[in-house]
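User: I would like to learn how to read the features of a structure like this one. Please take them step by step.

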Amino acid sequence: MDVLIETPAAAISVALAGNPNAGKSTLFNALTGARQHVGNWPGKTVEKKTGALIHGGVQLSITDLPGAYSLSAFSLEEVVARDFILDERPDVVAAVVDAANLERNLYLVVQLLELETPGVVVLNMMDVAARQGLSFDLACLSAALGTAVVPATARRGDGLDRAVAAIVAAKSAPPPPFRLDYGPVVEAEIARLLVAITTIPDARHHWPPRWLAVKLLEDDNEAVSRLRLLPHGAALLAEATAARARLEAALGDDADTILADRRYAWIHDLVGRAVRAERGETATLSDRIDRFATHRWLGIPLFLAAMWLVFKVTIDLSAPWVDWLDGVLSGPISRWTLALLDVLGLGQTWLCLLYTSDAADERSSVDLGGRRIIKKKTKESDTVRRTER
């Protein structure tokens, strides 16, 4: 039976967020141990895990959010993770990233920081990154992201104390809100929307205004749905529609694509400055295969060739065995089974008919005069063998 971990009101609420396979659940298990409660999110089929930790006399209530690649609400896991941060307002969000795949993981980190919740970045799986010859300028990363960046290897227990200390420090002295510069054209539209958002108290108090402005430019379904329920929300949505139209006309692309491209460009520049690749372990066989199998131009032709080869091998190699098995089943095994049914006195019963009526064009029936007629289809022609009782 699950036992709910009760935490005092003064406990620091912490949300662990990260991409799938970034070691987030490993970190959660290392921090909470057996002090966990496992269930489902209300009204969802997504698993919810919460746990407790006491560090230096301070109690932390930790929630392991579902793994997600972004907070764009394209999947149920992304909706759950984002709604928890927006609605439950945890004191600190700890973003767990795979150090060996930092550039891909930072997209979610940027979106988390835009929610303006105090955060900490846990640079997990440092052992894997070290084997690949990667080194990190932690000061550069911390300055760009505006939050503490802590190296760790959760499966070995390395860096856990530093990560918890950074979480506690973020609660007591939260860093300034993160702000990504989207460029003059986009920033001008964000500024216009911020003016409109300030006229709607419910919107201003429920969500970070700048985050809401960005989501409206992206035409985020969840944000739009929530705004429709607020007084004067329709007017703000109309303003957002006009802002998107101006933005797309000025830059010649969809608004959400423009914003995503700007994030990726910013992340790529940051990784170029903060990550240095030295000679590490040689690429594995899987990595070498992936270079070709996932290539931008070679990937699809290789996939089609692989599918053709699979079907070709399956059909050509299996044909002799199918013919042999058909001959065995429709030949000696059929004769022996029918003979056995005769010996048992079941040759004239429904059991004999049930056995001899199959889908391989092999029919056996018994007439009222006592003759059994067995029809067997061969490769050359259909032959009929008649036997007398």
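Analyst: Start with strand pairing: two strands count as paired if DSSP finds at least two bridges between them. Keep in mind that this is a predicted model.

User: Which residue of strand 4 is the bridge partner of A15?

Analyst: A15 has T63 as its bridge partner in strand 4. Strand 1 (residues 12-18) and strand 4 (residues 58-64) run parallel, joined by five bridges. Strand 1 also pairs with strand 5 in the parallel sense, again over five bridges. On that side, L16 has A94 of strand 5 as its bridge partner.

User: How should I read the two sides of a strand, and which residues of strand 6 point which way?

Analyst: In a regular strand, side chains alternate between the two faces of the sheet. In strand 6, G119, V121 and L123 point one way, while V120, V122 and N124 point the other way. Residues of both sets are buried, and the strand, residues 119-124, is mostly covered, with six of its six residues buried.

User: What are the pairing partners of strand 6?

Analyst: One is strand 5 (residues 92-98), which pairs with strand 6 in the parallel sense over six bridges. V93 has G119 of strand 6 as its bridge partner. Between these two strands the chain passes through helix 3 (residues 102-114), and this β-α-β crossover is right-handed. Strand 8 (residues 148-151) is another partner: it runs parallel to strand 6, and four bridges join the two. Here V121 has V149 of strand 8 as its bridge partner.

User: What is T147 in contact with, leaving aside its neighbours within four places in sequence?

Analyst: T147 is found in the loop between helix 5 (138-145) and strand 8. With those neighbours left aside, T147 is in contact with L113, G119, V120, V121, S142 and P175. T147 has a relative accessible area of 5%, so it counts as buried.

User: Now salt bridges. How many does a search of the whole structure find?

Analyst: Side chains of opposite charge can pair when their charged atoms come close. The search finds 18 salt bridges in the whole structure. One of them is between the side chains of R82 and D220, at 2.9 Å from N to O. This pair links distant parts of the chain, 138 residues apart: R82 is in helix 2 (residues 76-88), and D220 is in the loop between helix 9 (209-217) and helix 10 (221-228). Both R82 and D220 are buried.

User: Where do E187 and R179 stand, buried or exposed?

Analyst: E187 is at 12% relative accessibility and therefore counts as buried, whereas R179, at 53%, is exposed. The closest N and O atoms of their salt bridge are 3.2 Å apart. Salt bridges can also join into a network, as they do among E114, K215, E218 and R263.

User: How is helix packing described, and at what angle do the axes of helix 10 and helix 11 cross?

Analyst: Two packed helices are described by the angle between their axes and the distance between the axes. The axes of helix 10 and helix 11 (residues 233-251) cross at roughly 145 degrees and come within 8 Å. Helix 10 contributes V224, L227 and R228 to the contact, and helix 11 contributes G233, L236 and L237. By class, these are four nonpolar residues, one polar and one charged.

User: Which residues is L230 in contact with, its neighbours within four places in sequence left aside?

Analyst: L230, in the loop between helix 10 and helix 11, is in contact with D202, A203 and W207 when those neighbours are left aside. L230 and A203 are 27 residues apart in sequence, with their C-alpha atoms 7.7 Å apart in space. The relative accessible area of L230 is 18%, so it counts as buried, the cut-off being under 20%.

Conventions. Residues are numbered from 1 along each chain as its sequence is written. This is a predicted model: local features need pLDDT of at least 70, side-chain atom pairs count only at pLDDT 80 or more; totals for chains, interfaces and linings use all residues. Side-chain values use heavy atoms; hydrogens and water are left out. Buried means under 20% relative accessible area, exposed over 50%, partly exposed in between (1.4 Å probe, protein chains only). A crossover is right-handed if, with the strands pointing away from the viewer, the path from the first strand over the helix to the second runs clockwise. A salt bridge is a side-chain nitrogen of Lys or Arg within 4 Å of a carboxyl oxygen of Asp or Glu. Axes are lines fitted to C-alpha atoms, for helices over the stretch in contact, and angles run from 0 to 180 degrees between N-to-C directions. Contact means heavy atoms within 4.5 Å. Ala, Val, Leu, Ile, Met, Phe, Trp, Tyr, Cys and Pro count as nonpolar, Asp, Glu, Lys and Arg as charged, and the others, Gly among them, as polar.
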